Amino acid sequence: MEYLVLARKWRPQTFTEVVGQEHVARTLTNAIRQNRVAHSFIFSGPRGVGKTSMARILAKALNCTTGPTPTPCQKCDNCREITAGTSLDVREIDGASNRGIDEIRELRENVKFSPTSGHYKIYIIDEVHMLTREAFNALLKTLEEPPGHVIFIFATTELHKIPATILSRCQAHDFRMIPLKQITETLREIAKAENIAISDAGLAWIAAAGRGSLRDAQSVFDQAISYAGSEIKDSDVEELLCLTDRRFLFLLSAALLQKQAARCLKIINEGYAAGLDMKHFYQLLLEHFRNLLFIKIVGPDPALFDITGDDLAELQSQAANPSRETLQRLLDILLAEEESMRRTQEPRLHLEATIVRMAHLEELIPLEEILGRMENIERGLQRGITAPTGAAPEGLNPPVKPSPADNTSVALPQTKEDRLEYQASEITPPASNWERYKAAVKKHRRGLASNLDKGNFVSCHEGVLTISFTEGDRFTFEYVREKEHLASLAELARPFFGEDVRLKIEFVKVDTDEQTGKNGSTGKSSQEVRQEALNHPLVQKAFDLFEGAEVRDIIPHKNT
Ligand SMILES: [Zn+2]
């Protein structure tokens, strides 16, 4: 049997079932009861909070053979056709793909005809803000003199893009982000009905991943079910969600508040290796420090924080030591850098610079100590730190290590044991998305998996996942590039690299210079590797510290 995604299976069918939008449901119910239904509506609000569901329920309420009624029977032909999306009287139009004047002209021709079996002809136009200006003008003519049997329901995530002339002719309803608690409760009901075993914490994490959208939370829940089956362990959710975001956030802010700059850099490094989006992470960090400041001022009032209980407790403990002034200053720095963080091409470098500044706030370091640190770094460099290749995140070896005795000192791993201990530290990066993606392909498409295995992850940037194959794998390269194979691979890549991810398959000629052997399987030319290493912030920092320093050799890590 085909698996029906939760959001569709659990789509609300009555006004009372729509989660978090009780205010809209109440107004619509009353209007129907009093027979004062408007002829055009505009539903606005964030994605995935129930706008289209509410529109369909309204359509059903109006066209049910027992209606118009706030409680459609769900049994008559009209109700069933609307639920199934086959009603001839209810047309759903995607504004994003039908945005032109021709589509609206056609619509204007069609509205003249009477409904076939319902009381009304109902047009639901989703993402209506996407219509062109000409299309809006054409639409306006219909809205000015609507035939009595026509109802328009517009839905949009961007109300400000709707012309005022249109707005003034619609009854507007604002849909809200759904509170975490309500999403968690809804997921709990679904889990119960679907016989899914999952802890409260797991549910809360999944709910939080929806960020106010029930649909998004449901789709994460779908992923968790296909990933772990009907018994979902916390560790499954953690792996799937890459709770890295949240985990790194708390780790980083703890280190920051203890002024451990070196540890902060190390955490950022590991976060980067684990695939954190630095710009997104910065936003989370901003929110986190805003929460810390809030908690310092008003205390941990759950009503003020839309976060899980565990997170609230941890926030409270982090906010205990620093003064309000310190928290305020830290938040100020983050706010001041926000705009440039948004624009920068080097988000990681920018994040590091900002964090180091924050960690050194209020801190004056004696000159002797600085000299001592430089000696430490010099010693470390003599022992030869290797530059990361950048292309293989797992290979990244965080080059700095906090010494337990002195929170602020920068010390490089001195011995082999030192480095090992360092790798086994508590924030071992989880398997990268690439590895998990390959595991998922192996699970679902064994044949493709063996081919994909020969490929190398190059990058995932702006929705394009680039995979390279080298000369020896020409056949595999051609095979993977076949349209249907690409489509399957892209489909499976979504949970790991984003909903809209596209695949780019590259063929790399291996160059024959002596670096080749050392490049491992990254498929990068030695020139690229060299450039990447030179751009690394720590290498840059070494240049700053040691005038006239030069890079003699770059030895990339072997991928293991
Ligand atoms: Zn009915």
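View 1. The structure is a predicted model, in which local features need pLDDT of at least 70 and side-chain atom pairs count only at pLDDT 80 or more, while totals for chains, interfaces and linings use all residues. Residues are numbered from 1 along each chain as its sequence is written, and side-chain values use heavy atoms, with hydrogens and water left out. The protein donors are the SG atoms of Cys64, Cys73, Cys76 and Cys79, lying 2.3 Å from the zinc ion; donors are N, O and S atoms within 2.8 Å of the metal (3.2 Å for Na, K and Ca), and sites may look incomplete because water is not among the atoms. The angles among the four donor atoms run from 104 to 119 degrees, and the site is tetrahedral, a term that for four donors requires all angles to lie between 85 and 135 degrees. Cys76 counts as buried at 11% relative accessibility, whereas Cys73 is partly exposed, with a relative accessible area of 25%; buried means under 20% relative accessible area, exposed over 50%, and partly exposed in between (1.4 Å probe, protein chains only).

View 2. Arg80 lies in helix 4, where helices (H or I, at least four residues) and strands (E, at least two) are DSSP runs numbered from the N terminus. With a relative accessible area of 48%, Arg80 is partly exposed, and its C-alpha atom is separated by 9.2 Å from that of Cys64, 16 residues apart along the chain. Leaving aside neighbours within four places in sequence, Arg80 is in contact with Gln74 and Lys75, contact meaning heavy atoms within 4.5 Å. The loop between helix 3 (51-63) and helix 4 (77-84) holds Pro68, and the peptide bond from Gly67 to Pro68 is cis, with omega near 0 degrees.

View 3. Strand 2 (residues 90-94) pairs with strand 3 (residues 121-126) in the parallel sense over five bridges, pairing being assigned if DSSP finds at least two bridges between two strands. Within this pair, Ile93 stands opposite Ile125 in strand 3. Together with helix 5 (residues 101-110), the two strands make a right-handed β-α-β unit; a crossover is right-handed if, with the strands pointing away from the viewer, the path from the first strand over the helix to the second runs clockwise.

**View 4. Loop residues with positive phi.** Most residues other than glycine have a negative phi. Glu127, in the loop between strand 3 and helix 6 (133-144), has a positive phi of about 50 degrees although it is not a glycine, and is partly exposed, with a relative accessible area of 26%. Arg211, found in the loop between helix 9 (200-209) and helix 10 (214-228), has a positive phi near 45 degrees and counts as partly exposed at 49% relative accessibility.

**View 5. Asn321 in its loop.** Asn321 has its place in the loop between helix 15 (309-320) and helix 16 (324-343) and is exposed, with a relative accessible area of 74%. The C-alpha atoms of Asn321 and Lys296, which are 25 residues apart along the chain, are separated by 9.7 Å.

How values were computed
Tetrahedral: all angles 85-135°; square planar, octahedral: opposite > 155°, others 65-115°.
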